[in-house]
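Biologist: I would like to learn how to read salt bridges and helix packing in a model. Could you take me through them?

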Amino acid sequence: MEASTSFKQELLLREYGRNVQDLVNHILTIQDRAERTRLSQLLINLMAKLNPQLRDTQDYQQKLWNHLFVMSGSQLDVDAPYPLSAMEYLNDKPQRMTYPLETPKYKHYGQNVELLIKRATELEDEKEREAAIISIGKLMKTLYRSYNKDSITDDVILSDIRQLSKGKLTMDLAYIESNNLFESNVGANKQQDNQQRNQQQNRGGDNRNRNKNTRSSNQRNK
């Protein structure tokens, strides 16, 4: 038994299904232009219900008419409210993505840090450049700690900034260390929390020792 020609026909837009494609083919056979336009508008309303996510896009009504024009094989001749386009790009292959070919010099900092340093070297105002160095230094220290278990000193961070900027970015190391400029607030809060925990643990140990001493003295008195 030979299959019907409707099943042999390739679906141009699969998201609407075979029935919508058959309706489009039926509209093309109608001779009266006004009737074709009326049925096309009814079909547009049906397509909007079948493809509701299209409503979130801009000019979705025009896209529906373009989809109808595509499913007709660019043969639909109606009084459409928008200029119809075949939108050949629907069947085009997606564009190739460009991948970065250069690897960062320090993987634990990443490519974005190098881009930030390059942008900072372009700053002409001295205060803005100094603020950029401090912000980048904080970020680099945070990234290093998340990548390595070992701690890193401010002089190493400053040295890496000088090297990545080719000597264009630098600051006084003593000023950075005395004011903890490369320490982020998150790291400082964690350090304070650790200190508070240690103090609480030490207090708990002192209280336990006092209780032991009190118990031993009471036993001696008995």
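Modeller: A search of the whole structure finds seven salt bridges. The model is predicted, so local features need pLDDT of at least 70 and side-chain atom pairs count only at pLDDT 80 or more, while totals for chains, interfaces and linings use all residues. Residues are numbered from 1 along each chain as its sequence is written, and side-chain values use heavy atoms, with hydrogens and water left out.

Biologist: What counts as a salt bridge?

Modeller: A side-chain nitrogen of Lys or Arg within 4 Å of a carboxyl oxygen of Asp or Glu. Take R38 and E35, whose side chains meet at 2.7 Å, N to O. Both lie in helix α3, three residues apart, about one turn of the helix. Helices here are DSSP runs (H or I, at least four residues), numbered from the N terminus.

Biologist: Which parts does the pair of D77 and R36 tie together?

Modeller: The closest N and O atoms of D77 and R36 are 3.9 Å apart, in a salt bridge. D77 lies in the loop between α4 (60–71) and α5 (111–121) and R36 in helix α3, so the pair ties together parts that are 41 residues apart in sequence. D77 is partly exposed at 41%, whereas R36 is buried at 11%.

Biologist: And where do E183 and K141 lie?

Modeller: Their side chains meet in a salt bridge at 2.9 Å, N to O. E183 is in the loop between α8 (173–179) and α9 (185–221), and K141 is in helix α6 (residues 126–147), 42 residues away, so this pair links distant parts of the chain. E183 is partly exposed at 22%, but K141 is buried at 4%. Salt bridges with shared partners also join R33, R36, D77 and D79 into one network.

Biologist: Now the helices: at what angle do α2 and α3 pack?

Modeller: Axes are lines fitted to C-alpha atoms, for helices over the stretch in contact, and angles run from 0 to 180 degrees between N-to-C directions. Helix α2 (residues 17–28) and helix α3 (residues 33–50) pack at about 170°, with axes 10 Å apart. Angles over 145 degrees count as roughly antiparallel, so α2 and α3 are roughly antiparallel to each other.

Methods:
Helix = DSSP H or I, 4+ residues; strand = E, 2+ residues; numbered from the N terminus. Parallel < 35°, antiparallel > 145°, perpendicular 65-115°, else oblique. Buried < 20%, exposed > 50% of the residue type's maximum accessible area, 1.4 Å probe, protein only.
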